[in-house]
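The sequence and structure are shown first.

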Amino acid sequence: MTKILKILHSNNYISGNEIGTMLSISRAAVHKKIKNLKQIGYNIKSCAKGYKLIKDKIFFNEYEIESRLNKNLSVCKIIKYYKELPSTQTTVKMLAQKGFDEGTVVIAEKQTTGYGRIKRVWNSNNGGLWFSVLLKPLLHPEESAKLALLLSIALKKTFDFYNVDSKIKWPNDILINNKKIAGIIIEMSAEQDIVNWIVAGIGINVNNELPKDLKKISISLKEIINKEIDRTEFICKFFTNFEKLYTSFKKEDFKQFLKEYNDNLLYKNKCVTVDTGYNTITGINLGIDENGMLILNTKNELKKIMSGTLREYKK
Ligand code: BTN
């Protein structure tokens, strides 16, 4: 399905014979594949000139993503798309335990028990982008947080494509107009010195309708741009951005991205409080160091924080 969709996407009219030659299959097999595509809702016109894909609907499924990803990416090799799952995180963690490869991606149209950091409920109605990716970098467990920082940069770059002004709220939330539009969660299995696997879960409010109580603190891309977003385009751009960053990260560590991360940081040089789970620290946000630790200038000293929830300080 993916291959034929790719051909239809990149051609105007194309005959069954031509498609057959390209895919090394018979005309009858081409006809069957076209029928399958029509059955899942694609509008394909057939006339004397051949077949033509009428792009009158925005589709979001694994065939669409695979057919529109420009090249083979190590971070998105296998795509599994579901209409509904409890959580893509739990599914990918299960696949990781079964020995699936790096680049296994699970996407759900809707999650019934989606969750975020510190086990917070993650609202995952239809229309959003809810997915998890399996990664197997050669990392010390303490370095895994750097991956979340990298993913934040990839997300920020993807939002830039839509000409919206997104900011990274340390460690890995993306905000627009001070409202959360995307979040990242990292879970892993590790030995003492080495990571076995990491499951990165990404939730992006794209076309989903946010419940009333969340509207004060969250926003969707559709709300900002005022039109339905093509989620395939978004996720393809995201994975292409992430692939580039991840490849450089594996060669040269995180230091090379420090400036880019800090330049896009929300509440930079502003007074913030960080709840670490053990205590609350208040100080001026100086950005992160090369290990991803947040540097706060408190009254008495510079403090480095590994993890926590950051808020703007309000008197
Ligand atoms: C956060 O901001 O706390 C992180 C939110 C992560 C949500 C995503 S949606 C896809 C994946 N599946 C989940 O259950 N959670 C992550």
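In this predicted model, a backbone N or O atom of tyrosine 115 lies 2.7 Å from a nitrogen atom of the ligand. Of the 410 Å² of accessible area that the ligand has on its own, the protein covers 99%.

| Residue | Protein atom | Ligand atom | Distance |
|---|---|---|---|
| Tyrosine 115 | backbone N or O atom | nitrogen | 2.7 Å |

**Shell around the ligand**

The ligand is surrounded by 20 residues, and the closest of them are Ser87, Gln111, Tyr115, Arg117 and Lys180. By class, this shell has ten polar, seven nonpolar and three charged residues. Four elements each supply at least two shell residues: the helix α5 (88-97) and the strands β5 (129-135), β8 (179-190) and β9 (195-204). The largest share comes from β8, with four residues.

**The pocket**

Where does the ligand sit? The ligand is placed in the largest pocket, which has a volume of about 900 Å³. The lining of this pocket is made up of 40 residues, and those nearest its centre are Arg120, Trp122, Asp173, Lys180 and Ile217.

By class, the lining divides into 16 nonpolar, 16 polar and eight charged residues. The elements that each supply at least two lining residues are α5, β5, β7 (173-176), β8, β9 and β14 (309-312). Among them, α5, β5, β8 and β9 also each supply at least two residues of the ligand shell.

**Backbone geometry**

Tryptophan 170 and proline 171 are joined by a cis peptide bond, with omega about 0°. Proline 171 is found in the loop between β6 (166-169) and β7, and β7 is one of the elements that line the largest pocket.

Lysine 119 has a positive phi of about 55°, although this residue is not a glycine. Lysine 119 lies in the loop between β4 (104-111) and β5, and β5 is one of the contributors to the shell around the ligand.

Definitions and conventions. Residues numbered from 1 in each chain as written. Predicted model: local features only at pLDDT ≥ 70, side-chain atom pairs only at ≥ 80, totals over all residues. Heavy atoms only, no water. Near = heavy atom within 4 Å. Polar contact = N/O pair within 3.5 Å; in protein donor to acceptor, adjacent residues only side chain to side chain. Areas by Shrake-Rupley, 256 points an atom, 1.4 Å probe, with all protein chains shown as cover. 1 Å grid on protein atoms, 1.4 Å probe; cavity = no way out; pocket = protein on both sides within 12 Å on 5 of 7 lines; lining within 4 Å. Sits in = over half its atoms within 2 Å of the grid points. Nonpolar A, V, L, I, M, F, W, Y, C, P; charged D, E, K, R; others polar. Points joined across faces, edges and corners; volume = space filled by probe spheres on them.
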